[in-house]
Amino acid sequence: MKEYSVIGTRVPRIDAREKVMGEAKYAADYSLPGMLWCKVARSPYAHAKILNIDTSKAERLPGVKAVVTGKDFNGWTWGFMATTRDEPPLAVDKVRYMYEGVAGVAAIDEETAEEACSLVEVDYEELPGVFDPEEAMKEGAPIIHAYRPNNVSVEYHWNFGDVDKAFADSYIVREDRFETGRVVTGFLEPPASLAYYDPSGQITVWAAKQSPYFHYRHLAGCFGVPLSKVRVIQPYIGGGFGGTKNDSVAGDFCVVMLSKKTGKPVKYIYTMDEVLTTCRRRHNMTVYNKMGMTKDGILTAIETKVIGHGGAYTAIGPLTMFLTGYGTPAPYRLPNYKYDAWRVFTNNPVSAAMRGHGFTHTRFACDIQMAMIAEELGIDPVEIMMRNAIDNPKRGDVYRAVNGFKLKTCGIKEAIKAVAEDTLWADRKKMPTEDGPISYGVGISGTGYHGGARQLGHQACAAIIRVCEDGTVNLLTGATDCGQGSDTVLSMMAAEELGVRYEDISIKRVDTAYTPVDPGSYGSRVTLLAGQATQLAARDAKKQLLEAGAKAWGVKPDEIEITNGVVSLKGNPERRMSFEKLAKIACYEGAGAVILGRGHSDYGVEEHLDFNNGTGEGGINFSFTSQTVRLGVDMETGKLDVTDFTIAHDCGFPLHPVSVESQNEGGAVQGLGQTIYEGFIMENGRTYNSTMLDYKMPRSTDIPTIKLINIITDDPDGPFGAKEASEGSIVSTPPAVIDALHSATGIWFKELPVTPEKIVKGLKEKGKWMK
Amino acid sequence: MKEIRLNVNGTEYDIAVRPYATLLEVLREDLGLIGTKEGCGEGECGACTVIIEGKAANSCIVLALEADGKEVTTIEGLADGGKLHPIQEAFVEIGGLQCGFCTPGMILSTKVLLDANPNPTDEEIKKGLEGNFCRCTGYTKIIESVKVAARKVRG
Amino acid sequence: MKIYIKKTIQIPEIPTEVEMESGTLRDLLDTLLRHTYFVKEVIDPATGELSLDGLFRVTLNGTAYHTLPDGIDTKLHDQDTVTLTLVLIGGG
């Protein structure tokens with residue numbers, strides 16, 4: 001096993017001090033003199049034409065400085081793909097979901113802005129709404145977007161091998177319907193931005209964005225300002241998890257427009273109610289899954305039909321539906337695969353990306369169906385997983401999935417073995433299965449998730465290493481730490497490559513005026529892509545330093561090594577100096593020099609994504625996770641007590657073990673929340689549980705004891721062998737929980753969230769309800 | 001406007017506040033103490049936790065008037081100049097945080113817990129922090145941090 | 001002449017093949033793109049001309065059009081295949 005100086009050690013997070021002291025500033029913590037406050041006026045209807053907007057009363061309210069409406073944006077619209085940019089900053093001719101923004105107000109304080117919003121008079125012509133995708137696809141349904149008269153946002157039809165023949169030849173074929181829930185990222189910090197539109201034509205914003213460069217492009221396009229004059233400064237971010245903070249919201253555009261109109265800085269902070277009613281949610285999906293196996297439990301074919309509930313606009317939906325089908329051929333060998341998917345518009349809040357993007361829905365269905373078939377065939381669940389699991393390719397070999405993606409490492413078998421041998425699974429029959437009304441069960445899952453997202457035109461990034469004259473180092477990248485710990489890991493990589501100590505690295509947060517472009521934090525790409533750029537930048541800086549050192553010592557550069565801040569001759573370690581001294585020599589010799597290292601990620605795109613056919617490489621490598629869950633079901637009330645998780649995660653190599661553990665623990669608890677607690681209660685486009693009291697997310701008293709096992713496969717494509725460690729456990733948790741529920745009750749629950757009501761209903765139907 | 005005297009982190013402030021202003025607003029906007037955060041604005045998430053006369057309180061649902069003449073501690077009052085409080089040290093060492101937004105509230109709730117119960121069990125820790133929501137960490141390292149903090153505080 | 005059109009993303013407005021009397025790649029793209037929902041993304045507001053840079057990669061029989069001697073004005077022939085690949089840029 002390779003020994004590193006910094007990589008693999010349990011250093012404290014690089015930003016921990018500021019955060020525990022309350023010194024870390026988030027978007028809402030910034031203020032400028034003369035600042036105005038912005039509030040967004042919102043539609044009370046889920047689907048309605050806007051006939052007229054009268055802002056005069058609002059404008060006349062004392063303290064109000066400006067009001068903007070949809071028309072002020074001159075028909076500009078945005079969306080992830082150029083072909084489906086159907087979303088305006090504020091609604092123009094119609095509103096398509098309840099509480100969609102229709103006007104923005106800038107006033108001297110929040111209360112005045114809010115009052116002014118209630119004075120904005122909008123003449124609506126209410127239209128019939130459609131809230132169920134199967135209804136929305138029917139002839140005669142209300143049309144949400146004129147350019148998609150059948151309300152189908154995107155549809156894909158992929159076909160690999162021959163599923164019909166494979167099913168015909170199968171010993172057993174199962175067809176089941178699954179539903180994933182209406183859930184949201186759940187970040188604690190609501191979106192916020194402070195914007196200043198400088199009269200000379202420069203835009204500066206401090207905005208809570210995990211992809212600041214997306215927002216920078218949005219602002220340039222929306223306001224017709226060149227990119228070089230758009231400055232997005234990234235504060236600390238209070239959680240991202242994908243979706244909303246990878247995108248822009250109505251408030252973002254309003255504050256810039258209002259600043260342009262008033263000449264003053266303008267700030268907005270969304271309320272949690274606005275977050276839970278108007279911000280992006282995970283797509284909830286209906287999955288019709290058909291799976292075939294031989295008598296020995298070997299997978300023959302999978303045919304999946306998915307209906308994605310898209311909500312009112314397209315956003316990143318086309319990619320979501322691609323990823324939903326993309327990952328199915330892993331971690332189990334799959335020779336025949338058919339995927340048909342429809343993303344359908346409804347008059348509900350917009351569905352977009354979230355941690356575990358796409359894969360969560362189909363891995364949930366496939367993993368459970370495999371367990372169902374194992375039960376029918378009388379095959380042990382671990383045995384059936386092992387019979388189908390993809391083997392870890394030998395170094396130099398590549399496993400190609402039926403839809404074309406490649407795996408160079410695959411630790412699923414090791415992961416399954418690790419959790420199977422762990423006491424939670426191994427001794428489950430010795431543990432109590434009943435305690436009064438509580439019935440205990442243990443479940444298992446095996447899943448995979450891709451990392452290092454890369455798509456055509458979308459994934460380039462770079463890093464700069466600046467060696468200061470005193471031997472300390474600045475790292476600049478455009479990569480965003482939204483809490484996951486990437487700043488820490490990138491700093492560790494820079495320190496390792498340069499040969500300095502972790503404490504010598506100071507990483508600067510993103511400021512689009514100074515940092516190199518980077519797509520930001522999503523698709524588990526920062527550690528891999530920005531990490532590689534950081535490594536290369538560090539090597540470039542090191543080269544310049546070694547050349548200076550070589551001159552000073554009269555040797556060749558490759559005769560010198562740097563470790564832990566000490567520079568020495570490889571052949572004669574007695575000949576040494578401090579890194580600080582080398583930096584001074586490099587910077588001050590002759591006329592002096594500036595040591596700047598530059599690195600660009602060079603992963604390229606091997607096979608670009610073909611959304612229509614389902615081929616292409618969406619990422620760089622896959623992580624694999626196997627998980628066991630122990631829980632108790634109260635057979636009278638349906639209440640759950642989840643006691644234990646054991647998670648074995650193959651992240652290639654854990655670069656920062658503390659962060660890997662935290663990510664696995666956090667992802668698993670978030671996944672647990674989305675399996676048994678969380679779900680928006682919707683009716684006709686209205687969200688009924690839009691408070692943290694009623695949209696229940698796990699608290700400290702809800703968590704199980706979590707045991708983590710690292711599976712190390714050292715992937716050749718990841719920096720220092722790394723693969724992703726952000727999303728694996730949110731994919732592995734739901735099927736493991738469902739399997740545990742089945743173990744405790746004998747019932748397969750296929751619709752999330754599995755609330756106590758659903759459990760009691762299920763128990764009653766099976767005659768197992770304990771009164 | 002009402003005149004009140006707030007004692008925050010040992011410093012007295014005489015300020016005029018609107019009668020319906022919350023303690024959270026006054027701390028952040030009037031006193032510039034931005035360490036206390038607003039999450040849900042309705043007393044559910046604990047991001048706005050402060051300590052008022054030794055008890056943890058959700059400052060977003062406490063009127064500033066109610067804190068008149070009382071001792072208030074915010075996260076800024078814990079460290080001694082540059083020296084971290086043992087609880088803060090523990091959170092840094094163990095890594096009981098990720099995005100950090102819940103952290104000020106979590107640390108203050110921890111202080112109240114340990115002041116009353118210097119040697120809490122895991123269950124007591126979980127119960128003591130139940131009012132502080134965290135989405136990032138899954139709470140596991142937070143609980144570990146509190147155990148280490150308890151040892152440090154006990155000395 | 002029959003021209004085949006391949007796409008890597010779903011664009012219902014653009015068919016998989018068209019019949020043309022004669023014409024260049026520019027004529028074809030103009031016909032295909034000017035009547036789509038997203039026409040405002042591909043037209044330069046200053047010139048009114050098609051502007052595909054940074055939005056679409058276009059290849060003619062596998063070759064990027066801007067490397068061809070006549071570029072976008074290359075004459076099309078029967079059975080030619082034009083492939084449209086969307087350049088995905090978050091926020092673009």
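In chain B, 56% of the contacts between residues at least 6 apart in sequence join residues at least 24 apart. The model is predicted.

## Fold of chain B

Chain B holds five helices and five strands. Along the sequence they run β-β-α-β-β-β-α-α-α-α. The radius of gyration of chain B is 15 Å, close to the 15 Å from the globule rule for 155 residues, so the chain is as compact as a globular protein of that length.

Along the principal axes, the C-alpha atoms of chain B fill a box of roughly 45 × 30 × 25 Å.

## Burial and surface

How much of chain B is buried? Of its 155 residues, 57% are buried. The cut-off for buried is under 20% relative accessible area.

Chain B exposes about 6200 Å². Carbon and sulfur atoms supply 47% of that area.

## Charge

Chain B carries 23 negative side chains and 17 positive ones. How far apart do the centres of the two sets lie? They are 6 Å apart.

## Neighbouring chains

Two pairs of chains touch. Of these, the pair formed by chains A and B has the most contacts.

Chains B and C do not touch. The nearest C-alpha atoms of chain B and chain C are 23 Å apart.

Note on methods: Residues numbered from 1 in each chain as written. Chains lettered and ligands numbered in written order. Predicted model: local features only at pLDDT ≥ 70, side-chain atom pairs only at ≥ 80, totals over all residues. Heavy atoms only, no water. Helix = DSSP H or I, 4+ residues; strand = E, 2+ residues; numbered from the N terminus. Rg over C-alpha atoms; globule rule 2.2 N^0.38 Å. Buried < 20%, exposed > 50% of the residue type's maximum accessible area, 1.4 Å probe, protein only. Contact = heavy atoms within 4.5 Å. Areas by Shrake-Rupley, 256 points an atom, 1.4 Å probe, with all protein chains shown as cover. Lys, Arg positive; Asp, Glu negative; His and termini not counted. Charge placed at Lys NZ, Arg CZ, Asp CG, Glu CD.
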